[in-house]
Amino acid sequence: MTYSALINTLKEYFVKRGFQILVREETTIPQDLLEHVDLLFRDANNIIAVKAVTDILEKDQFLVSLTKATVLREYVDKVYIATSTKYKPFINGRLLSSNGVGLLLVDEEGNVQEAIPPRPVVRRILRGIPKEYIEELRSLREQIGELRKRYSDLVKEIEQFREIASEVRELHERILRLERRFREETISLGRIEKIEESVEAISIPNKEELPSYLRDNPWLQVLSRRGKGR
Amino acid sequence: MSSIDAYRRRYAYGEDYGTSDFKFGPITLGEKPDIIENRGYIPDTSSIMYKLMGAAKKVVVGPEIPLYLEAREDLAERMIYPMRNGVIDLNDTRAWEVIYEITKYGLLKYKPKEKEFKGFYVTAAISIIAPRYMYEKLFEIHRQINEEYGIVRAITIIPQPLAVAIAQKKTTCVVLESGHGNTQISPISMYPIRRAIVTLNRGGSDANYIAAEILRDLGYGDLVQEEKLVRMFKEAVGLVPANLDKAIEFGKREKEKLKTVFRIPGTRIEIDMGDQGWMRFLIGEYVFNPSHEVYESYWKRGMPRPRDLKIGDRIFYGMMDMAEAVIEAVQRTPIELQPYLYREIILSGGNFAWKVPPELNGIAVDSATKMRIMMEEKGIENVRVSLTKDPQYSVWRGCIVYSVAVPEDYLWNWERMEGWIILSKEE
């Protein structure tokens, strides 16, 4: 069977089934792979590629065609290898099935038989999703990420506030205790004025605040251990 | 902070006997100590002022000095700067009298009125190369003041580099203290490592010599007799080069960028460096590395070369470069400690305060960068060098921390040179 007879038979076969013939430029198949495609069809959203093999003299030749067809699956939804029925003994059907490539056999009378159905490529479905949806999904994903981050920051801040609030409560209680003790001692000694005087006398500017060089100074600990075993 | 003894939180007291100034005062002064010049005036007993003031004072210190000053030729002789080189001679009676007076002046100025006051916890800081008799003398002075005024509860003395490390909050570091006459390199790891101290017989005064030579070269030889003027010139124009050879090459090529006219404040004198602006780099480099061949011609003309000097059992190196001195000091410490010491090098003292004009950025550098470059050239990496914050106050601050933190029962021991001498017992 000649190449042109095989091609014409296949065209007729697919068109009869409602497939639309595509020209190469209508697909996204890279230039270097186009030489391994003989026919391209569209069935609804699916793109089908067919490689026509006119003669298989050696098993290797079939393998070469199969390899190229497998690579094509990256860019189309279904891939067929089509050849004459007489080459059937040279074809390893299991190899085709496992690679998801379909087989069409054409006899001398022009009958076409789908000997092995191709396995549709799942990820191709994603390519069919309109770009704007993908963009929106991406933006939504980013927004969710952002919200998650803000949420975890807020949780951290709330934790910190809780700690501060508990420290404030503790300090408040201590102040109340000290106030009570101070009042009791003052009253028990019966010399309120005198104590007030002495509090005044030891007042120090910024008494509650330590100078910067004393704050968080590791030497305070080092020096306070002097004499307690070197 | 709860460990800070409430009494010492009020009555810790610090004294920094610097070469030029005496910084002193209690913890309640906050961030900055009181400062008076570390000097005393011995008045002429025949002067009118002396008679007017009641003839009571043998030595005058603090802000009263100008009242007694007279325009006399023997002024220099009567004005005593006891700590010019960080060390006072044992028999220099007048210098010790000045130290007694400034110490008393400070303590009495801040004597509290509270009834609970039983005396200050005083930490005094002196040069790390100060001999033992200076410690004994200072203890004696405080004992005497306490006997007269009951104002010192306990006294201790620490070396100034340790006080710097404390104020900088670094427990393991190398402190480089560069003053007027010498530079001390002191490794510290919780304690000063005294056996590792390296001293250079080189300080701010040596940079003055090279500044004076430059003035001569520029044709202003008549001005070099004025020490203060030379110092002002040095401070105004001196630059530290990242690399001296490259900086000189740059200075000779980009003359405009280094053009300098120095005006002496309050006078009409102007020093125009013309095309010789590159000489500015010679001043800063001399502090760090005087062994560069460029200085050879100055020594040949009679400029004093920093010499090795032996005082007691200590050698003061003259020509050793600053990075070499740090390495020499660090190598005298245990090997495991050495990387940690290199990681914190603190530069303290006026001799490290050099400006970097923005237009010369990269050619001129600050002292910390210079040290880092020099250390890297010698194969020491991971070096962190910093300049002290508020260098004027850091020793006093370290003294206050020491007064606050060291336990009262840690008593003075001459072997470890640390601890309190208790002067008045608690009632």
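What follows is a tour that begins with one chain, moves to the contact between chains, and then works through parts of the other chain.

Some housekeeping before you click: this is a predicted model, where local features need pLDDT of at least 70, side-chain atom pairs count only at pLDDT 80 or more, and totals for chains, interfaces and linings use all residues. Residues are numbered from 1 along each chain as its sequence is written, while chains are lettered from A and ligands numbered from 1 in the order in which they are written.

**Stop 1: chain A**

Select chain A and switch to cartoon. Tracing the sequence gives α-β-α-β-β-α-β-α-β-β-α-α-α-α. Of the 230 residues of chain A, 19% count as buried. Here buried stands for 20 or more other C-beta atoms within 10 Å of a residue's own, with C-beta atoms placed from the backbone.

**Stop 2: where A meets B**

Now show both chains. How many residues of chain A are in contact with chain B? There are 19, and they touch 24 residues of chain B; contact is called when two C-beta atoms, placed from the backbone, lie within 7 Å. On the chain A side, helix α8 (residues 218-224) gives the most, with six residues. Colour that side by class and you get 13 nonpolar, five polar and one charged residues. For the colouring, Ala, Val, Leu, Ile, Met, Phe, Trp, Tyr, Cys and Pro are nonpolar, Asp, Glu, Lys and Arg are charged, and the others, Gly among them, are polar.

**Stop 3: the six-stranded sheet of chain B**

Look for an open sheet of six strands in chain B, ordered β3-β2-β1-β7-β8-β19 with mixed pairing. Its edge strands are β3 (34-37) and β19 (421-422) of chain B, each pairing on one side only. Pairing takes at least two DSSP bridges between two strands. Zoom in on β1 (residues 12-17) and β2 (residues 21-26) of chain B: they are antiparallel, over five bridges. Pick B:Tyr17 and you'll find its bridge partner, B:Phe22, in β2(B). Helix α16 (residues 391-405) of chain B packs on this sheet, touching β1, β2, β7 (120-126) and β8 (152-159) of chain B.

**Stop 4: strand β9 and its partners**

Jump to β9 (residues 172-178) of chain B, where six of seven residues are buried. Seven bridges tie β9(B) to the antiparallel strand β10 (residues 183-189) of chain B, and a hairpin of four residues joins the two. B:Cys173, for instance, has B:Ile188 in β10(B) as its bridge partner. β9(B) also pairs in the parallel sense with β17 (residues 345-348) of chain B, over four bridges; look for B:Val174 opposite B:Ile345.

**Stop 5: two helices of chain B**

Select residues 204-217 and 227-237 of chain B, helices α8 and α9: their axes come within 9 Å and cross at roughly 90 degrees. They are therefore roughly perpendicular, a label for angles of 65 to 115 degrees. Axes are lines fitted to C-alpha atoms, for helices over the stretch in contact, with angles running from 0 to 180 degrees between N-to-C directions. Residues meeting here include B:Ala207 and B:Leu215 from α8(B) and B:Val230 and B:Phe233 from α9(B). The contact divides into six nonpolar, one polar and three charged residues.

Technical notes: Parallel < 35°, antiparallel > 145°, perpendicular 65-115°, else oblique. Buried ≥ 20, exposed ≤ 12 C-beta atoms within 10 Å, placed from the backbone.
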